[in-house]
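Dear colleague,

Please read them with the model open beside you.

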Amino acid sequence: MRSKNILSWNNSLPTTLYSPSSPHSSPRPSGSGTMGGDASLGAPGSLPRRSDHPVGQRIKGIYTDRLRQFTSEGQYSGQNLVSKYFEAVNSDEDHVKLSVYSPPDLSRPTFEEATSHEFKPTHIGASFGPSWSTHWFRIRLTIPEDMLDKERLEFHWDANNEGMVWNEDGHPLQGLSGGGERIEWVIPDAWRDGKEHVFFIEMACNGMFGNPPGDDQIQPPRPNKYYTLHKAQITAVNLEARALYYDFWIIGDAAREFPGDSWESHQANVVANAMMDAFIAGNGSQESIKQARKIGQGYLGDKVDSADVYKAGTDNAIVLGIGQCHIDTCWLWPWAETKRKVARSWSNQCDLMDRYPEHRFACSQAQQFKWLEKYYPSVFDRVKRWVKKGHFHPIGGSWVEHDTNLPSGESLVRQFLYGQRFFESRFGQRHTTFWLPDTFGYSTQIPQICRLAGMSRFFTQKLSWNNINNFPHTTFKWVALDGSQVMCHMPPSETYTASAHFGDVKRSVTQHKSMDQDNTSLLVFGKGDGGGGPTFEHLEKLRRCRGLSDKTGLLPKVTMGGSVDDFFDNLEKKAATGTEFATWYGELYFELHRGTYTTQANNKRSNRQSEFLLREIEYLATLASLKGGYKYPKERIDDMWEGVLLCQFHDCLPGSCIEMCYDDSGELYAEIMETGQHIRKEALQALGFATKNTGKGFVALNTMPWPRSEIVPMPGASTATHGSKYVLASGETGVITGQPMSGSELPGVTVSEIRPGVFRLANERLRVEVQDGVITSLYDVEADREVIAEGGKAGQFVVFDDKPLYWQAWDVEVYHLESRKELKSSKTVIAENDPHRVSVVTETKISDVSWVKTTISLASAVRGEATYVEFDTEVEWRENMKFLKVEFPVDITNTEASYETQYGIIRRPTHYNTTWDMAKFEVCCHKWADLSENGYGVSILNDSKYGFATCGNLMRLSLLRAPKAPDAHADMGRHRIRYAILPHIGALDSRTVRAGYNFNHPLVLQPSSGTEVMHAFKSIALTGSPALILDAVKRGEDDEDVSRGELPKRPGQSIILRVYESLGGRARGTIHSKLPVKKVWKCNVLEDDEEELRLFTAGGNSGVNIELRAFEIATFRLQL
């Protein structure tokens, strides 16, 4: 509401303006009458009869521009408020003695290690480096006598890099950001004793955003950057001058940002100029500063110096301020630096909570809490105390703020399982809000997984970055494939690192898109990405914004002291009482950063391989642990999962980090694979498998929950007695014996050069013609139809110029499609001509430094299994800002293509009818993409790729990119990529779903011991609808023989089964077990029992019937 009164800012302004009783009334003197006659005369007006001087119209623009003079660092800084910020400073060596220890080899020693070394004298002006190095400073400080009585003493330290203040006892106190940001540390009052006091500063030779070579922060870091210490001083702060600065800032913003024709804008202009005039009139004295502040109170109120400002007036605030410190777990810096960023940033927030009782801080990522607990236990204890007081709010429930496009469904579940369990074990609480402000798109199954993990709310904001369409909602219900929903809020300030400016508060209303349903919003403020979080400046500005709203009006009221849960509680109450919030079904596709589906190919390959390895070892370890004599290796499995989940952070897995991060993730993936192989070997030994050749033949191990029949190579490329290097491995889940094949048992496959340069590969189902390295014909014999579009070339490599508008590793823009260039292949030759597998190989030159070698193979058709044409591609990739893809033009017509996503299928347009359709010119898929029409379709399988596009009938798999920032060497080197084209008669169904799993986890022969525990693999089985996928088999987290003690143990043993419906329809099945099952529970992904199911027994086996709705994810706990 607008105030009806204007308080005088100085003696030249009136105290009040007349407020008429009706909009049409005019002021009249007391009494009434008319001219002449005997009517009484009114009292004379107070306006002087004569004008004593001319007064001109104020030129608002000039007076508004003038405001910048008051706080600018330019030519007037010696005459304006800037000169009054500090009452005194001292950096002389009598009072500030500096010495330094510089650890070797870019090491990051602990406090104890660092302080055990000799410190050498140093001084202001000295330089320290190189990039990523650490330097420890000992500061011996004595307060000068003339500063002992000053109101506020701070130590100011600035070398344009990050640092941490430590006390002499080795406890971290507060982080320093550098570059003029958060350079102060409040000196304890107890140090005003004239004695020398010692503290330490740990300098990190990197800024908040790493070590960019210049102003462009995403360029690869400079390896030899040095930082100059240019400030190390005791500073007596003029708190009144500092407060005036923030008063003036907010009033000046009101003058500039309120509507130009509004009373509030004009009044802010008048008030701010009056404040300057008062300062000038008093020659900048302390009294003039106080007078200027008093004038400002007429616009801001008199409560802005304390948290009481949020108690003043009617509390109908609609904007909730929440401090936040988004720390990218790795990005332009490595994990090792993130660990220090966490300690610096969170200790800062604890310090602010001591001084600002209204401050509430929301903080996500269990991994970062775990690092803090391990490496900075005293800071962790401090955080825990503030959590208990309700000021520090752990939030989010996930292990890291992860990507949601690329991880598997089980990985998404584990993000929440490990995250929620960590928060519950350390803080006694689970979280109800999934906090994910900065991820590059949101998978369609996130709402369902959230609900299964105990979360009904979702916070993000990244869709505000869309560069084609404007996302239409602020607060809405987001609905998953199965119909599960969460309440979603995207802050209308359109940032998760708000500066808490006047404009941020204003935009919380002016950019709010859901006003018809609810006008509230979150304002998430604080330095972020590189950490830091809120500063005292953020909190001071918000106090003044609130004071302005109460005193003057027009600006939305912001409040502090609440929580994100409070905010969502109110939204859910409104929904429960009839408010119809808008709904959004399916994925929240991000119209930017589409290149992240492809960048850093080896990193993505390691992710896929790790996910499949973990799936298998959990299954094998579960079976072995129930057999007896083998302990389920939960600690090692946890370590593997935590490593995989860490690498799924939303810059790491998408490929948008610096090279150092991929050196780190490469080492971690290698450890994960090594640990996994050890666990696999141990579990197989416990199940009776041989570890070396026993002369008893070979077996394959099928750990998929369905029968498989595959042509499998003999180990060491040895030749079986029938002359083939391959055997047929066919059987149910468990141990499969490799069977030599005779021509009568299994029709063979042939390859021949039918005319010069044209090769035909054929089995009983498919006939493939290859010319110049591409498939010119793929004929489905059984369906009697050609698969490749007329004139089309399947397997055609194409390269595109790839220069996005800015974000190199992140983006590929729509205009790159206009630079398509076909690559021409050299001669094709027959590479293999085995009775049961044939192949041709072709080399393709990309450039003088890059090439592709492609082997196209066809195996014998196996009854009951899908038949596909496989491509095994070796690439030497040394390009610069190019994008390599492979195309499959197919003779299929549909306006939608299907793509595997986590626990389901998502359908996307194959046309560009609208800008929303065109925006999906590059999309994410998992193990396959499919284009089908009634009665027939084609699936493209892959073993490590995620980027895809279907334009009309052209299917295109993205292979490799070559961005040069922030990693100058991204994807450079050798790659191996497998993909396949799978035609199918009939609709997309379980054949493609299963083929995707099988293709990523091919059967491999290993020595047979003859004593394999065959029955162990029959102990758990799922029958029924082929749409049901048994995706995970593991032990219960809290089983008494498995638990690591973080949470209460559960008596006995249990098995956890994760099942999902994969095709989009209701499906029924039966879980069978030969184990002594006592009860079966349907539970959530956190393994809380929710519904006991009816257990039946037959023939000594136990069973339970299950029914899942379309795309449902179900978890079952079998209590033994």
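This is a predicted model: local features need pLDDT of at least 70, side-chain atom pairs count only at pLDDT 80 or more; totals for chains, interfaces and linings use all residues.

Glu671 lies in helix H16, which covers residues 659-686, and it belongs to a patch of negative charge on the surface, where Glu659, Asp663, Glu667, Glu671 and Glu674 gather.

As for the whole chain, it holds 18 helices and 56 strands, and buried residues make up 60% of its 1120 residues. The radius of gyration is 35 Å, which agrees with the value near 32 Å that a compact globule with 1120 residues would have.

Salt bridges come next, and a search of the whole structure finds 84 of them. In one of these, Arg546 pairs with Asp550, with the closest N and O atoms 2.9 Å apart; the two residues are 4 apart in helix H12 (residues 536-551), so about one helical turn separates them. Arg546, at 0% relative accessibility, counts as buried, whereas Asp550, at 26%, counts as partly exposed.

Another salt bridge joins Glu1112 to Lys1082, the closest N and O atoms being 2.7 Å apart. Glu1112 sits in the loop between strands S55 and S56, while Lys1082 is in strand S52, so the pair ties together parts that are 30 residues apart in sequence. Both Glu1112 and Lys1082 are buried.

Conventions: Residues are numbered from 1 along each chain as its sequence is written. Side-chain values use heavy atoms; hydrogens and water are left out. Patches are made of residues with over 30% relative accessible area and no salt bridge: like charges are joined within 9 Å, nonpolar side chains (Val, Leu, Ile, Met, Phe, Trp, Tyr) within 5 Å. Accessible areas come from the Shrake-Rupley method with a 1.4 Å probe; for residues, only the protein chains shown count as cover. A salt bridge is a side-chain nitrogen of Lys or Arg within 4 Å of a carboxyl oxygen of Asp or Glu. Lys and Arg count as positive and Asp and Glu as negative; His and the chain ends are not counted. The place of a charge is taken as NZ of Lys, CZ of Arg, CG of Asp or CD of Glu. The radius of gyration is taken over C-alpha atoms; the globule rule is 2.2 Å times the number of residues to the power 0.38. Buried means under 20% relative accessible area, exposed over 50%, partly exposed in between (1.4 Å probe, protein chains only).
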